[in-house]
Amino acid sequence: MVSNLRHLDFNLLKAMDILLEECSVTRAADRLFITQPAMSSILARLRESFDDPLFVRSQRGIVPTPRALELINPIKQVLGQIDLLLQPLDFNPATVNFTVRIAATDYAQQVILVPLLTALKRQAPNIKIALLPSIDNETQRLEHGEVDLALSTPEHITSNELHHLHLFNESYVSVMRLGHPALQSPLTLDSFCELDHAIVSFQGRFSGITDQQLQKLDRQRNVSLSVSSFLLLPEVLQNSDLVATVPKRLVYKRKDLAIVQPPLEIPSFSKVALWHERTEHDPRYHWIRQLMVENCKNEDKFSSNDE
């Protein structure tokens, strides 16, 4: 195998990467703009080089062997380094043209990525952003190159191969419609518990961090609505007497909702940007990460002034 690897060129590695993503000779050939027989010939050369079948047939196409699965991450890293070598030494945001795939919840998309997109359009108009939904553990997607950045929380740093940057600390506020009866007097713990509450839960639950804190005080509130998206919540609040306790950055700029401090201590949380070692030294991704940090710092100033 060692002698065979001497003849393993960039195009073979690229083809292997695409085969691992598609698990189909036909689809891989389409992506490489070659014929299916040509793709089959490339697969034969890969099998010879790695001394392994790499893929076996199944009812749904071809399935990678254990050896092929072991190659996923190393091949991604090699291709990333080759791509870096081909980049101009002088990185210019105004002229660079590439795509960044970012995984984030709708909350992170709204409070982090919306300001970032505005800055990118102004400073780097040719960079494309693909926003992908977030999952509980982004490690595998980052390792496999399915996403380039993940906006998450520190507890999701589950691999030594992941790098991270702290973006900001977030606190909670309670929000309700303008003219809500609860605004006629200070919001006490008693009145807070008596209100009808809405909660954002991706799992459809009716309790969260606020309820955990209430339990410590031997108190309970009534949560009558659970929604899976932060984007739906403002309209729901404007058209009801429901109250929601949400991350401050989500609502502090809104003038169509009343914002008050909840009458109990709710722990804050941190947001971080996660990325894999394969993009650690790429100047393009480094620039985007720094721009994201700068935008978050600017938002911190606005948020603090709003208090």
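**Figure 1. The count comes to one cavity of 30 Å³ or more.** The model is predicted: local features need pLDDT of at least 70, side-chain atom pairs count only at pLDDT 80 or more, and totals for chains, interfaces and linings use all residues. Residues are numbered from 1 along each chain as its sequence is written, and side-chain values use heavy atoms, with hydrogens and water left out. A cavity is a set of points on a 1 Å grid over the protein atoms alone where a 1.4 Å probe fits but cannot get out, and lining residues have an atom within 4 Å of a point. Volume is the space filled by probe spheres set on the points, which are joined across faces, edges and corners. The largest cavity holds about 30 Å³ of space. Look for V175, F230, L233, P234, L237, V246, L250, V251 and L257 around this cavity. Helix α10 (residues 233–238) supplies the largest share of the lining, three residues. Helices (H or I, at least four residues) and strands (E, at least two) are DSSP runs, numbered from the N terminus. The cavity lining has nine nonpolar residues, no polar and no charged ones. Here Ala, Val, Leu, Ile, Met, Phe, Trp, Tyr, Cys and Pro count as nonpolar, Asp, Glu, Lys and Arg as charged, and the others, Gly among them, as polar.

**Figure 2. The largest pocket has a volume of about 1,200 Å³.** A pocket is an open set of grid points with protein on both sides within 12 Å along at least five of seven lines. Its lining counts 36 residues, with Y172, V200, F202, Q203 and F230 nearest the centre. Two or more lining residues come from each of α6 (106–123), β5, β8 (196–200), α9 (209–216), β10 (243–247) and β12. The most come from β10, which gives four. By class, 17 lining residues are nonpolar, 13 polar and six charged.

**Figure 3. The second largest pocket has a volume of about 540 Å³.** It is lined by 21 residues, and K14, G80, D83, R101 and R278 are closest to its centre. At least two lining residues come from each of α2 (10–22), α5 (66–86), β3 and α11 (283–305). Helix α2 gives the most, with five residues. The classes here are five nonpolar, five polar and 11 charged.

**Figure 4. Strand β5 (residues 149–152) is covered on both faces.** On one side sit L149 and L151, on the other A150 and S152, all buried. Buried means under 20% relative accessible area, with a 1.4 Å probe and protein chains only. Two strands pair if DSSP finds at least two bridges between them. Strand β3 (residues 99–104) runs parallel to β5, joined by two bridges. Strand β12 (residues 269–276) runs antiparallel to β5, joined by three. Find A150: its bridge partner in β12 is L274. A150 is also the bridge partner of A103.

**Figure 5. R141 lies in helix α7 (residues 139–143).** Is R141 buried or exposed? Its relative accessibility is 15%, so R141 counts as buried. A polar atom of its side chain lies 2.7 Å from the backbone oxygen of P133. Not counting residues up to four places away in sequence, R141 touches A103, L132, P133, S134, I135, E146 and V147. Contact means heavy atoms within 4.5 Å. A103, one of these neighbours, is the residue bridged to A150 in β5.

Terms used: Buried < 20%, exposed > 50% of the residue type's maximum accessible area, 1.4 Å probe, protein only. Polar contact = N/O pair within 3.5 Å; in protein donor to acceptor, adjacent residues only side chain to side chain.
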